[in-house]
Amino acid sequence: MQFDMNLSLGFILNRTSIQSKALFTQRIKQFDISPEQWSLVFRTVESKGLTQKELSDSTYKDQANITRSIDRLEKKSLLKRVPNHNDRRIINIFPTEDAINLVDTIIPISSEFNSILTKDFSKEEKKQLIKLLNKVYENLLKEELNETKKILFYTQEKNISQSNV
């Protein structure tokens, strides 16, 4: 078998993600917030009044985890849930003044951290890296869609063959 794990893109991306998250966590732990919580707080400051679904979609986190995170951030007085005026079934998420101040404090830390990630990169290399990583992500989304289509096809085939019995 010829396979070098150290050259596997998935392995490299995972290793990089783990190290990046660990270092960023250290940089913001003084604010009693995790990187996951930071992304939620940032998105709600950036776009006030998001629904839980919109917040989930914009941070690529599943809704069950979002619910628990919002609960924690409400207890920390960073987010608040507000019933939608037009549809009582919808809850909009708003940042508190503390959240807005926190974002103003963490943005420079986050920007500096991004500079560390791309230290010694040219501007062109930074743009190329982002472009290539987005391309990898798009490939994964296409593959996920193809897998979903296959599952649906095989499920339909199975149902048809069972109904013919």
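Predicted model: local features only at pLDDT ≥ 70, side-chain atom pairs only at ≥ 80, totals over all residues.
Student: What caps the N-terminal end of H4, and what follows the helix?

Tutor: The N-terminal end is capped by Asp62, a side-chain oxygen of which lies 3.2 Å from the backbone nitrogen of Ala64. After H4 comes Ser77, which has a positive phi, near 60 degrees.

Student: Which residues of H4 are buried, and how are they placed around the axis?

Tutor: The general idea is that an α-helix has 3.6 residues a turn, so residues three or four places apart point the same way. In H4 the buried residues are Ile66, Ser69, Ile70 and Leu73. They cover an arc of only 105 degrees around the axis, and therefore sit on the same side of H4. As for what they pack against, the buried residues of H4 meet H2, H3, E2 and strand E3 (91-95).

Student: Which residues are buried in H3, and what covers them?

Tutor: In H3 the buried residues are Gln52, Leu55, Ser56 and Thr59. Their arc around the axis is only 100 degrees, which puts them on the same side of H3. The elements that cover these buried residues of H3 include H2, strand E1 (50-51), H4, E2 and E3. Just after H3, Tyr60 takes a positive phi of about 60 degrees.

Student: How many salt bridges does the model hold, and how should I read one of them?

Tutor: The pairs are counted with a cut-off, namely a side-chain nitrogen of Lys or Arg within 4 Å of a carboxyl oxygen of Asp or Glu, and by this rule the count comes to 7 salt bridges. One of them joins the side chains of Lys21 and Glu36, with 2.5 Å from N to O. Because Lys21 lies in helix H1 (residues 9-28) and Glu36 in helix H2 (residues 35-46), this pair ties together parts that are 15 residues apart in sequence. As to accessibility, Lys21 is partly exposed at 40%, and Glu36 is partly exposed at 27%.

Student: Where in the chain are Asp32 and Lys76, and how many residues apart are they?

Tutor: Asp32 and Lys76 form a salt bridge in which the closest N and O atoms are 3.8 Å apart. The pair links distant parts of the chain, for Asp32 is in the loop between H1 and H2 while Lys76 is in the loop between helix H4 (63-75) and strand E2 (79-83), 44 residues apart. Lys76 has a relative accessible area of 28% and is partly exposed.

Student: How many residues separate Lys53 and Asp57 in helix H3?

Tutor: Lys53 and Asp57 are 4 residues apart in helix H3 (residues 52-59), which means that about one helical turn separates them. Their side chains meet in a salt bridge of 2.8 Å, N to O. Both ends are partly exposed, Lys53 with a relative accessible area of 43% and Asp57 at 42%.

Student: Which residues are linked in a network of salt bridges?

Tutor: The network of salt bridges links Asp71, Glu74 and Arg81.

Student: How many aromatic pairs are there, and what describes such a pair?

Tutor: In general, a pair of aromatic rings is described by the distance of the centres and the angle of the planes. Here the count comes to 3 aromatic pairs. Among them is the pair of Phe24 and Phe113, which is tilted, at 5.4 Å centre to centre and 50 degrees between the planes. This pair links distant parts of the chain, with Phe24 in helix H1 and Phe113 in helix H5 (residues 97-117), 89 residues apart. Phe24 is buried, with a relative accessible area of 7%, and Phe113 is buried as well, with 5%.

Student: What are the centre distance and plane angle for Trp38 and Phe42?

Tutor: The ring centres of Trp38 and Phe42 are 5.5 Å apart and the planes stand at 50 degrees, so this pair is tilted. Both residues lie in helix H2, 4 residues apart, about one turn of the helix. Trp38 counts as buried at 9% relative accessibility, whereas Phe42, at 25%, counts as partly exposed.

Terms used. Residues numbered from 1 in each chain as written. Heavy atoms only, no water. Helix = DSSP H or I, 4+ residues; strand = E, 2+ residues; numbered from the N terminus. Buried < 20%, exposed > 50% of the residue type's maximum accessible area, 1.4 Å probe, protein only. Arc of directions from axis to C-beta. Contact = heavy atoms within 4.5 Å. Polar contact = N/O pair within 3.5 Å; in protein donor to acceptor, adjacent residues only side chain to side chain. Phe/Tyr/Trp six-rings, centres within 6.5 Å; stacked < 30°, edge-to-face > 60°.
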